[in-house]
Amino acid sequence: QLKVVESGGGLVQPGGSMRLACAASGRSLDPFAIGWFRQAPGKEREGVACISNYDDSITSFAESVKGRFTISRDYLEHAVFLQMSSLKPEDTAAYYCAVDTMGNYGSACVRSAENYDLWGQGIQVTVSS
């Protein structure tokens with residue numbers, strides 16, 4: 001059974017940077033499209049970023065994070081990273097890694113939650129001085 005785990009969250013000052021990691025126990029994430037989502041209290045879940053299952057250059061970002069966040073894979077660690085820079089208080093949220101195990105190979109990723117069938121438990125990111 002594939003279990004998804006996020007790591008790297010915590011408290012960071014505005015303007016700072018933080019890297020979140022997504023890894024899985026039991027199997028590599030390499031063959032799958034991966035999405036990062038976030039949800040702040042009282043707000044709807046937002047698809048922050050995703051990376052396709054066959055070409056790491058095929059990514060998608062929410063307008064709210066474009067130019068500040070990047071997503072990448074590490075094939076040695078079989079992990080996916082969300083690098084967040086120039087963080088703002090409005091980036092404060094629980095961040096979730098999601099895996100699309102059912103998608104067709106060669107598909108571009110999408111930032112819609114319904115496309116992902118495995119989810120991590122989430123990790124808190126707080127941007128505050």
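With 75° about the S-S bond, the link of Cys50 and Cys109 is right-handed. Cys50 lies in strand E5 (residues 46–51) and Cys109 in the loop between E9 and strand E10 (118–119), 59 residues apart. The model is predicted: local features require pLDDT of at least 70 and side-chain atom pairs count only at pLDDT 80 or more, while totals for chains, interfaces and linings use all residues. Residues are numbered from 1 along each chain as its sequence is written, and side-chain values use heavy atoms, leaving out hydrogens and water.

**Disulfides**

- A disulfide is a covalent bond between the sulfur atoms of two cysteines; here it is assigned to a pair of cysteine sulfur atoms within 2.5 Å.
- The sulfur atoms of Cys50 and Cys109 are 2.1 Å apart.
- Cys50 counts as buried because its relative accessibility is 0%, and Cys109 counts as buried because its value is 10%; buried means under 20% relative accessible area, with a 1.4 Å probe and protein chains only.
- The other disulfide joins Cys22 to Cys97, with an S to S distance of 1.9 Å, and is left-handed, with -70° about the S-S bond.
- Because Cys22 lies in strand E3 and Cys97 in strand E9 (residues 93–100), this pair ties together parts that are 75 residues apart in sequence.
- Cys22 and Cys97 are both buried.

- Strands (E) are DSSP runs of at least two residues, numbered from the N terminus, and two of them pair if DSSP finds at least two bridges between them.
- Strand E3 (residues 18–25) runs antiparallel to strand E1 (residues 3–7), with five bridges joining them; Cys22 is the bridge partner of Glu6.
- Five bridges also join E3 to strand E8 (residues 79–84), again antiparallel, and Cys22 stands opposite Val80 there.

**Nonpolar cores**

- A nonpolar core is a set of buried Ala, Val, Leu, Ile, Met, Phe, Trp, Tyr and Cys residues joined through side-chain atoms within 4.5 Å.
- The largest core has 31 residues, of which Leu20, Trp36, Phe69, Leu82, Met84 and Tyr95 touch the most other members.
- Strand E9 gives the most to this core, with four residues.
- Beyond its neighbours within four places in sequence, Tyr95 is in contact (heavy atoms within 4.5 Å) with residues including Glu6, Leu20, Trp36 and Phe69.
- A second, separate core of seven residues includes Ala33, Phe37, Ala113 and Tyr116.

How values were computed. Buried means under 20% relative accessible area, exposed over 50%, partly exposed in between (1.4 Å probe, protein chains only).
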